Amino acid sequence: MADDKFDAIVVGAGPAGTSAAIVMARAGLNVALLERGEYPGAKNVQGAVLYSKMLEEIVPEFWKDCTGLERAIVDERVFVLTDDSALQMGFKTTAFQTEPANSYTIIRVNFDKWFAKKAEEAGVTLVTGITVSDVIKKEKQIVGVKTTEGDELLADVVIACDGVNSILAQKAGLHREWKSHEVALGVKEILALSREKIEDRFCLEGDQGSTTEMIGDITKGMLGYAFMYTNKETIALGLGCAVDDFQRTNIKPYDLLEELKRHPMIRRYIQGSTSVEYSAHLIPEGGYNVMPPLYADGMLLAGDAAQMINPTHREGSNLAMAAGRLAGETVIEAKKKGNYSAQTLSLYRKKLEDSFILKDMKDHKDIEDEVRKRREIMSIYPKMAVEAAHDYFLVDGLPKRDHTKRIIKRALSRRSLLKMAVDGWKLRSAVI
């Protein structure tokens with residue numbers, strides 16, 4: 001392979017990289033897809049929710065043979081947790097079950113293998129177990145990559161989809177190493193449980209699925225959240241917090257996860273389960289505000305390598321797939337022109353701006369900064385909400401007006417009305 005020159009080399013066989021490779025190969029380009037893992041999916045960690053729309057644009061009717069799909073998500077819930085209680089909110093509909101479902105829970109290792117197989121069927125050369133260590137430059141133009149084995153692979157364009165700590169993007173000078181507040185550390189455990197118990201405990205039927213996002217005391221005031229997703233015969237349980245918060249508090253991620261498993265509102269769901277996998281992974285956290293340049297002479301970035309994340313809606317893989325498709329389309333147009341300069345590849349940025357990707361990222365770019373300035377949002381407000389719900393539903397022989405007075409008095413003792421109004425306005429402004 002080292003003797004060949006490709007139209008494009010894609011580094012990283014995740015959602016972004018595989019999407020880009022498929023799009024280009026189907027247009028007749030000679031594409032190499034390089035994956036560091038022993039096989040696609042071997043090193044991936046995520047809560048494992050797949051949004052259908054972005055995948056269907058790349059693999060029409062994917063649901064008919066995709067081996068990675070677990071359950072169609074019909075139930076989406078949010079828990080606000082204190083030590084012994086939970087304020088529960090959610091939405092459930094069978095409309096989300098109609099094929100293709102709005103979203104599915106997936107097992108990433110199975111999905112990534114299937115997706116990479118689709119790339120090979122499209123004509124992509126997939127190479128696994130290969131680590132890319134640097135880019136090759138000819139004058140200012142990137143013309144290929146170097147591997148740790150000393151091989152040099154040449155291409156007209158390199159697309160870096162090699163994860164949040166993108167070696168290629170750093171070697172190309174497109175971004176620095178991320179600071180600790182610009183990345184999060186996620187930990188996840190896969191817990192085996194029978195299909196019958198999962199469906200009974202989560203009130204599901206057949207292949208219906210449920211997702212639960214959790215905020216509040218469980219993160220100890222740190223910027224982050226926990227999640228619990230149902231697969232066919234396993235539950236994905238995990239959490240993630242900003243790395244600088246783990247450094248500041250000296251709390252161990254696995255201790256936090258064990259505490260989550262013991263929480264009275266969670267332990268009933270996982271009771272009797274068996275741990276079959278434990279993993280940890282860095283996740284982009286900076287988003288739009290620290291997004292590196294997305295193109296250079298002979299190079300594009302997509303997915304985690306480009307900080308493509310919407311933290312408010314816990315979306316990432318859908319942005320990656322859509323961006324990978326747009327990167328592939330950009331390379332196709334560049335090949336038609338025979339020009340792979342930064343000026344030509346800047347079309348990629350325009351495509352991203354016209355799509356939902358940069359619109360959503362820009363709309364939600366300040367939400368985490370605002371939460372950092374107002375730590376009470378992660379600590380005081382969850383307690384206030386849960387205690388208010390407790391008093392609202394409490395029947396103790398007192399008039400309801402007394403309950404209302406108690407709720408207001410307690411809230412004002414913790415946060416003035418002015419401060420609550422400012423907090424609300426700042427958060428609203430950060431997402432609109």
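A salt bridge is taken here as a side-chain nitrogen of Lys or Arg within 4 Å of a carboxyl oxygen of Asp or Glu. By this rule, 3 salt bridges are found across the interface of domain 2 and domain 3 in the predicted model. On the side of domain 2 that touches domain 3, helix H6 (residues 243–249) gives the most, with 3 residues. The residues of this side comprise 3 nonpolar, 4 polar and 4 charged.

The division of the protein chain places residues 182–284 in domain 2 and residues 368–430 in domain 3, whereas domain 1 is made up of 2–68 + 107–178 + 287–354. A distance of 26 Å separates the C-alpha centres of domain 2 and domain 3. Contact between these domains involves 11 residues of domain 2 and 7 residues of domain 3. The size of an interface is often expressed as the accessible area lost when the parts come together. For domain 2 and domain 3 the buried area is about 750 Å², with 51% of it on carbon and sulfur atoms. Of the area that domain 2 buries against domain 3, 59% is supplied by Asp217, Gly221 and Leu223, more than by any other three residues.

Helix H6 also contains Phe246. Phe246 counts as buried because its relative accessibility is 8%, under the 20% limit for that class. Beyond its neighbours within four places in sequence, Phe246 is in contact with Leu185, Met222, Cys241, Ile251, Pro253 and Leu256. Between Phe246 and Ala184 the C-alpha to C-alpha distance is 9.1 Å, although 62 residues separate them in sequence.

Several backbone features were also identified. Most residues other than glycine have a negative phi, and most peptide bonds are trans. Glu61, however, has a positive phi near 55° and is located in the loop between helix H2 (52–56) and strand E4 (69–81). With a relative accessibility of 43%, Glu61 counts as partly exposed. A positive phi, near 60°, is likewise found for Glu139, in the loop between strand E8 (132–138) and strand E9 (141–147). Glu139 is exposed, its relative accessible area being 77%. The peptide bond joining Glu99 and Pro100 is cis, with omega about -5°; Pro100 lies in the loop that runs between strand E5 (86–92) and strand E6 (103–106).

Notes
Residues are numbered from 1 along each chain as its sequence is written. This is a predicted model: local features need pLDDT of at least 70, side-chain atom pairs count only at pLDDT 80 or more; totals for chains, interfaces and linings use all residues. Side-chain values use heavy atoms; hydrogens and water are left out. Domain bounds come from an automatic or database domain assignment. Contact means heavy atoms within 4.5 Å. Buried area is the accessible area (1.4 Å probe) that two parts lose on being put together, summed over both. Helices (H or I, at least four residues) and strands (E, at least two) are DSSP runs, numbered from the N terminus. Ala, Val, Leu, Ile, Met, Phe, Trp, Tyr, Cys and Pro count as nonpolar, Asp, Glu, Lys and Arg as charged, and the others, Gly among them, as polar. Buried means under 20% relative accessible area, exposed over 50%, partly exposed in between (1.4 Å probe, protein chains only).
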